[in-house]
Amino acid sequence: MIEATLCFPLREGGDADEEVLLIEKRRGLGEGWYNGPGGKCEPGETPRECAVRETEEEVGLEVTDLEKAGELTFLLDGEAHTFCHVYRSRSFEGEPTSSEEAYPEWVPVDDVPYDRMWDDDHLWLPGVLEGNTVAGEFRFEGGEPLDEAAFVDHDLEWGVSLESRE
Ligand SMILES: COc1nc(N)nc2c1ncn2[C@H]1C[C@H](O)[C@@H](COP(=O)(O)OP(=O)(O)OP(=O)(O)O)O1
């Protein structure tokens with residue numbers, strides 16, 4: 001099973017609206033869709049270290065004080081495919097810049113483009129952006145690659161305790 005991360009930097013935008021930093025993915029899994037910065041964990045790396053590294057690599061932002069917000073299991077044809085650790089952070093340095101992997105974009109949390117994201121995102125990301133914690137399982141069918149499989153169903157648990165976990 002792949003172990004991966006997503007990180008959602010948050011800031012106060014204009015008119016005190018909160019904004020989240022998304023990326024438009026330029027290559028690999030989910031290419032062309034919006035997501036948070038993130039990627040696969042490397043050997044010997046904790047998920048938190050992975051989220052920090054991937055955010056720096058993809059958009060040039062140095063995030064600190066990451067808050068664990070979710071643990072998501074993605075299953076493909078009944079087999080665990082990816083376990084994803086989700087973080088949010090209001091502490092970061094630098095300005096988002098494009099990379100070979102991603103175009104960054106600040107968007108109001110009330111105007112996230114769920115129609116251009118993974119089919120599961122509208123089920124868990126709004127709660128995560130509101131400050132909640134979540135554990136979820138999402139089932140896809142149709143074979144590899146995961147981003148061409150069909151989203152079938154899911155289970156979600158809100159308000160879970162995650163801070164003791166990386
Ligand atoms: C199945 O639903 C998913 N939803 C969301 N929102 N994000 C997902 C889903 N499945 C995977 N992801 C995330 C997990 C990772 O953050 C990325 C995939 O990362 P990638 O394969 O691009 O990993 P990298 O290490 O950045 O890739 P390179 O091999 O190019 O370095 O999608």
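Colleague: So a residue is buried if 20 or more other C-beta atoms lie within 10 Å of its own, exposed if 12 or fewer, and partly exposed in between, with C-beta atoms placed from the backbone. Which of those is proline 126?

Modeller: Partly exposed, because proline 126 has 14 C-beta neighbours inside 10 Å. Keep in mind that this is a predicted model: local features need pLDDT of at least 70 and side-chain atom pairs count only at pLDDT 80 or more, while totals for chains, interfaces and linings use all residues. Residues are numbered from 1 along each chain as its sequence is written.

Colleague: Where is proline 126 found?

Modeller: In helix α2, residues 121-129. Helices here are DSSP runs of H or I with at least four residues, strands are runs of E with at least two, and both are numbered from the N terminus. Tyrosine 114 is 12 residues from proline 126 in sequence and 9.8 Å away in space, C-alpha to C-alpha.

Colleague: OK, zooming out. How many helices and strands are there in the protein?

Modeller: There are 2 helices and 11 strands. The order along the sequence is β-β-β-β-α-β-β-β-β-β-α-β-β.

Colleague: And what is the radius of gyration of the protein?

Modeller: 15 Å, which agrees with the value near 15 Å that a compact globule of 166 residues would have. That is taken over C-alpha atoms, and the globule rule is 2.2 Å times the number of residues to the power 0.38. The C-alpha trace spans about 45 × 35 × 35 Å along the principal axes, and 32% of the 166 residues count as buried.

Colleague: What share of the contacts join residues at least 24 apart?

Modeller: 66%, among contacts between residues at least 6 apart in sequence. Two residues are in contact if their C-beta atoms, placed from the backbone, lie within 7 Å.

Colleague: What does UniProt place at residues 1-130?

Modeller: The UniProt record has "domain: Nudix hydrolase" there, from an unreviewed entry. UniProt positions are given in the numbering used here, feature names are shortened, and annotations may be inferred rather than shown by experiment. Over residues 1-130 the chain is 17% helix and 45% strand, with its end C-alpha atoms 29 Å apart.

Colleague: Which residues of α1 are buried?

Modeller: Pro47, Cys50, Ala51, Val52, Glu54, Thr55, Glu58 and Val59. Their cover includes β1, β4, β7 and β9 (102-108). Glycine 60 follows α1, with a positive phi near 75 degrees.

Colleague: Is glycine 36 buried or exposed?

Modeller: Buried, because it has 27 C-beta neighbours inside 10 Å. Glycine 36 lies in the loop between β3 (34-35) and β4. Leaving out residues up to four places away in sequence, glycine 36 touches Leu6, Cys7, Phe8, Leu22 and Ile23. The C-alpha atoms of glycine 36 and isoleucine 23 are 5.7 Å apart, for residues 13 apart in sequence.

Colleague: Where do aspartate 65 and aspartate 77 lie?

Modeller: Aspartate 65 is in the loop between β5 and β6 (67-76), and aspartate 77 is in the loop between β6 and β7. Aspartate 65 is exposed, with 10 other C-beta atoms within 10 Å. Aspartate 77 is partly exposed, with 13.
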